[in-house]
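Open the model in your viewer and keep the selection tool ready. The tour below moves from one selection to the next and says what is there.

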Amino acid sequence: MAKVRVRELKDFTGGLNFRADQFQLADNESPDMLNVEIDPRGGVFSRGGMRRINSTAVSGTWTPQSLVPFYGATPRIMLSTETRIYQSSGTNFSLLEYSAGNPIVVTSTHGASFAQWGTKLYIATGNAGNGGYVWDTASTYATALTASGVAPHAWQSTPTTSERKMPTAELLHVHANKMFAANVRINGVDYPNRLHWSLENAPENWASDDYIEINAGGNRITGLATVAGQLIIFKPNAIFALFGYDSDNFQVVEVSSNLGIDTPHNLAVSDKGVYFFSNPEGVYYYNGSSIADIFENLRPIIELDYITVGVEDSFHLSWIGQRLWVSAAYTKTGAVTNSTVNFVYDPTIGARGSWMQFSTADSKGLTTGCNWHDASNVEYRLLTHPTLPYVLQVDMYDQEFDNITGSDASYTSRYRTKWFDAGSYTQRKMFRRPEFVIKQSAVSQTIGVKVYHDFDEAEGNERRTFNLVQSPANLGMVWGSSNWGEDWSSGAVSSLLITGNNLGLAQTVQLEFNGPLGQLWGINSIGYKYQPRQVKG
């Protein structure tokens with residue numbers, strides 16, 4: 001009888017890879033995973049819960065476009081839809097008005113653009129508006145700013161407190177001690193390729209000649225970001241960098257002549273660079289010196305038309321909790337009308353970073369989001385639901401359920417391995433009972449396992465199924481007592497070794513783990529056991 005051989009899989013850090021050819025997958029990559037995270041040390045575990053912060057639905061038509069932090073005299077969360085602006089101190093949202101009963105009207109289909117200057121927040125509402133607004137948290141109402149370029153005293157070359165002006169614009173951004181406005185309207189004329197800047201240290205004072213026209217790369221400026229001291233200017237088909245610090249030495253340099261973004265939702269700024277989605281190429285990262293392609297593993301979803309065309313901002317990027325969250329209108333069959341998943345990229349895992357896939361308990365992908373700290377400096381990682389008027393806190397690792405509408409709801413979670421052939425898919429093997437190291441739970445838990453054979457991974461074609469069951473004692477395993485005790489069965493540190501069922505006779509096998517509903521779970525290692533059979537000519 002052939003000797004039983006053993007092969008262990010301890011590293012899952014390759015993450016999600018949608019390549020159709022299974023031979024291109026690395027041992028630590030997965031062709032399918034949902035609502036599980038990758039432990040940088042090698043295992044996988046169920047994601048944290050998602051729970052709403054506002055118990056009362058946001059009023060008005062729900063079309064979330066931007067969610068940004070504002071740290072004025074007190075911290076606020078600013079939310080913009082296609083028509084209105086809201087603010088919150090961490091719970092329910094209220095309309096931002098410029099006078100009693102008169103809410104600020106947003107005219108841009110991509111929502112308002114926000115830029116913080118000291119303790120003040122400047123707001124551009126779109127080119128169909130008239131100037132912009134400024135607000136501080138000590139004021140009940142925002143103050144309207146007159147559109148620059150409107151007589152009398154339309155422009156000024158020296159700062160004056162009497163001229164409270166700002167160009168009517170689609171985009172605002174603070175850079176080099178100036179306020180920048182892009183894609184502007186001056187005296188009723190649109191200048192989609194124009195970038196204006198304010199006077200030095202005077203965001204409400206603007207000179208008529210302080211602008212640059214950037215006509216290459218498409219007919220509008222679509223996004224602004226600051227990276228490594230550069231003002232990055234995005235257009236649909238090109239990217240530029242503005243160097244310098246004042247009107248006398250500003251210089252524009254082309255960063256890319258073919259990549260670009262369609263809307264401001266297609267970019268997210270981290271502390272080291274900017275991530276952006278260029279259609280149809282994918283997601284890229286610019287750190288101030290070079291552009292890196294980070295979308296290689298997910299590119300088939302574009303090539304195979306799994307992204308529904310026509311959905312507003314099919315890719316919407318947010319930098320949350322030191323990870324990139326990408327909302328996508330993704331489906332393999334039919335079409336969808338909104339975001340269905342979040343592809344989450346962690347740049348710290350592995351040599352090239354790692355992708356994961358999340359969805360809410362109601363099978364949606366969360367859209368615009370931000371990191372925010374409340375008055376006690378407690379961090380919130382926030383994203384908006386695409387169809388329901390709620391803002392959700394994510395990465396709540398102590399929560400086993402999602403709470404979107406006021407009630408706890410469980411979410412499905414799974415992880416599928418690469419095909420395992422022990423180095424040769426031509427040789428048949430008898431796969432014996434594998435060993436699994438799973439994260440220990442304080443309660444009874446069952447993880448379902450599906451076994452697929454010989455590259456047939458169609459849903460419903462699994463050859464065998466079995467369960468990994470753990471039934472810990474009620475008190476768990478405790479080392480020490482009182483303040484020195486540690487409950488090992490909590491799963492925080494401890495693991496459990498469980499033996500599975502025979503996987504059967506096959507040339508190659510694939511396993512899919514389905515987590516228990518409403519319970520945290522995880523897998524640290526898989527130990528395959530197999531006996532090779534003779535190869536016949």
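Start by selecting Phe-343 and its contacts (heavy atoms within 4.5 Å). Leaving aside residues up to four places away in sequence, Phe-343 touches Leu-16, Phe-18, Leu-298, Ile-301, Leu-324, Trp-325, Val-326, Ala-328, Tyr-330, Trp-355, Met-356 and Gln-357. This is a predicted model, in which local features need pLDDT of at least 70 and side-chain atom pairs count only at pLDDT 80 or more, while totals for chains, interfaces and linings use all residues. Residues are numbered from 1 along each chain as its sequence is written, and side-chain values use heavy atoms, with hydrogens and water left out.

**The cores**

Phe-343 also belongs to the largest nonpolar core, which has 65 residues; Phe-315, Leu-324, Phe-343, Trp-355 and Phe-513 touch the most other members. A nonpolar core here is a set of buried Ala, Val, Leu, Ile, Met, Phe, Trp, Tyr and Cys residues joined through side-chain atoms within 4.5 Å. Buried means under 20% relative accessible area, exposed over 50%, and partly exposed in between (1.4 Å probe, protein chains only). Next, select Phe-180, Ile-221, Leu-224 and Phe-240, which are among the 15 residues of a second, separate core.

**Aromatic pairs**

How many aromatic pairs does the structure hold? There are 30 aromatic pairs. Rings of Phe, Tyr and Trp (its six-membered ring) pair if their centres lie within 6.5 Å; planes under 30 degrees apart count as stacked, over 60 as edge-to-face and the rest as tilted. Select Phe-18 and Tyr-330: this pair is stacked, at 5.9 Å centre to centre with 20° between the planes. Phe-18 lies in the loop between strand S2 (15-16) and strand S3 (29-30), and Tyr-330 in the loop between strand S32 (323-328) and strand S33 (341-346), so the pair ties together parts that are 312 residues apart in sequence. Strands (E, at least two residues) are DSSP runs, numbered from the N terminus.

Phe-18 and Tyr-330 are both buried, and so is Phe-343.

For an aromatic cluster, select Tyr-275, Phe-277, Tyr-285, Phe-295, Phe-315, Trp-319, Tyr-345 and Trp-355.

**A four-stranded sheet**

Move to the open sheet with the order S19-S20-S21-S22, where 4 strands pair in the antiparallel sense. Strand S19 (168-175) and strand S22 (202-213) stand at the edges with a single partner strand each, so one side of each has no neighbour in the sheet. Two strands pair if DSSP finds at least two bridges between them. Strand S20 (residues 178-186) and strand S21 (residues 189-199) share 6 bridges; within this pairing, Ala-181 stands opposite His-196 in S21.

**Strand S16 and its partners**

Last, select strand S16 (residues 132-135). Gly-132 and Val-134 point one way and Tyr-133 and Trp-135 the other way, and all are buried. In a regular strand the side chains alternate between the two faces of the sheet. Strand S15 (residues 120-124) runs antiparallel to S16 and is joined to it by 4 bridges, with Ala-124 opposite Gly-132. S16 is also joined by 3 bridges to the antiparallel strand S17 (residues 143-147), where Thr-143 is the bridge partner of Val-134.
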